[in-house]
Amino acid sequence: MSTLTRRGAVRAALASVAGAGLAASAPAATGSAPATAAAGASSRPPSFGVGREGQRKADLGNGTYRNPIVPGDRPDPTLLKDGSDYYLTFSSFTSYPGVVIWHSTDLVNWTPITAALKQPIGAVWAMDLVKHDGRYFIYIPAMQENGSKIYVIHADNIRGPWSDPVDLHLGDCIDPGHAVGEDGKRYLFVNGVRRIRLSDDGLSTIGQLEPAYTPWQYPKDWVVEMFAPEGPKIFRRGEWFYLIAAVGGTSGPPTSHMVTLARSRSIHGPWEDSPHNPIVRTQSADEPWWSRGHASVVEGPAGDWWMVYHGYENGMRTLGRQTLLEPVEWTKDGWLKARGGTLARPLPKPRGGRPSPAGFDLSDDFSTDRMGVQWTLFAPDAKDGERVSRRDRSLVLKAKGTSLADCSPLTCLVGDRSYEASVEMEIPGDAHGGLALFYDGRGFAGIGANAQEMLTYNYSQEIGWMRHKLPATTGPRVLHLRLTNRENVVTFHTSPDGKDWTQHPWQMEVSGFHHNVFGGFLSLKLALFSAGQGEVRFRRFRYRGLPA
């Protein structure tokens, strides 16, 4: 069983630790609305700002913003305030290169600055990015064939260089949250919610895991995926420690995931649940954002407070869990309350932030010898990085496996509801390659070619009866490919020269990928792939967002 196949089952088992038996003590129902709308229901998509390459952006240019602040599959956000700067990173599920860190000065406009993890360690899950005594740390859970491990990397500068991963020898745990107690000692909280001491340098553990908090339990009649207490994040304000956590499961019914809050005067407890729990939850499948949860809380540039978390965009689960920003306020008795409602409308931007750039180009002419942060190898093994090189303004991808399903394609995460991508492909030998939308080895749609014929892929197979011969050529096969995705309806075009395009006869609707693949965590990503023997060369990758 592959690492990614294991993910859904392992998350359910790990996240339920310390949650067994709590349902009996659930409070009375509070009128939660069930998930009533069809899974694909969606009203006319709202207007967004237009950024680089036509990509949508949150900043509307009039002092307001519309979620998501970082479009595309960027779940489990961990947010660090460092002076007047803010840094974000997210679960990536692939780890070469991985752990991309984003920067902002206004909490709305974000730009990636570096990929902190330089070697594969497994499928990277929800992390915690912190600064302690002038040094930056990222605590990273990684799913491997034999279960989960938690690593830590560190750096003296947020932009790197970052250290090699240090194994904390902490297995069967996910979702680490770093905290410093009133005595200055360091702790790591994990799913459950459990806790273990850290050494003073933060690079090893002391003692054993122990229960830290009995997670808040929702009413029995709420429509959720599972209990799954996870994502603990701890911060201190005044005399109180606050513990933000998630329950409800992250990929089930739209009303599943939620944000909860507890507080204590000591890192050791006892913890008191907020009377306002859950402080964030999707109440109905008619809302624009589903399964909102896994939050981090931060002070804004002008001293007000904000929360980031993830959610699915109604009708666009194929984009994965996207990062959302919501204003929060402190009550007189010291609790947080969310102020953004359903996030259906634009919200005022945080006050006091300096202007900040947003986004980055996904297009790539492969002219440098560095991997752009838009690219990751899907589920790589330790040597997969050696498959990728750049020379003569080409990306050279050595072949692996027998088909798109098992070749560890090079993927590019996108955040637009509609978009177009194209690439020039050269096949000098016996490999076959192409351009695809890739979910995992069981879900994809794409077209490609070998030296003799065109190939078509759908879900977990190559469509044999869609093969057709290509005209003979005296040199390496060169073919231009174009993919257009308009809100999950995909068309392909091919061209011998990049000028005269022919529409491929096979069109696809891809919204079902999320529901047909067990686990339901990932998004559809653009992918360049190379399988068989030899290598495939790609040139002039072009991307542009399309208007609604």
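1. The largest pocket comes out at about 660 Å³. Pocket here means an open set of points on a 1 Å grid over the protein atoms alone, with protein on both sides within 12 Å along at least five of seven lines; the volume is the space filled by probe spheres set on the points, which are joined across faces, edges and corners.

2. Keep in mind that this is a predicted model, with local features needing pLDDT of at least 70, side-chain atom pairs counting only at pLDDT 80 or more, and totals for linings using all residues. Numbering runs from 1 along each chain as its sequence is written, and side-chain values use heavy atoms, without hydrogens and water.

3. What lines the pocket? There are 23 lining residues, with Leu79, Leu80, Ile234, Phe235 and Arg236 nearest the centre of the largest pocket (lining means an atom within 4 Å of a point). Strand S9 (128-132) is among the elements giving two or more residues, and S9 gives the most, five (strands are DSSP runs of E, at least two residues, numbered from the N terminus).

4. Away from that topic, Asn67 sits in the loop between strand S3 (64-65) and S4. Asn67 is buried at 4% relative accessible area (buried is under 20%, 1.4 Å probe, protein chains only). The Asn67 side chain reaches the backbone nitrogen of Leu325 at 2.8 Å.

5. Thr111, in strand S7 (residues 111-117), is also classed as buried, at 19%. The side chain of Thr111 reaches the backbone oxygen of Pro357 at 3.1 Å.

Key:
1 Å grid on protein atoms, 1.4 Å probe; cavity = no way out; pocket = protein on both sides within 12 Å on 5 of 7 lines; lining within 4 Å. Helix = DSSP H or I, 4+ residues; strand = E, 2+ residues; numbered from the N terminus. Buried < 20%, exposed > 50% of the residue type's maximum accessible area, 1.4 Å probe, protein only. Polar contact = N/O pair within 3.5 Å; in protein donor to acceptor, adjacent residues only side chain to side chain.
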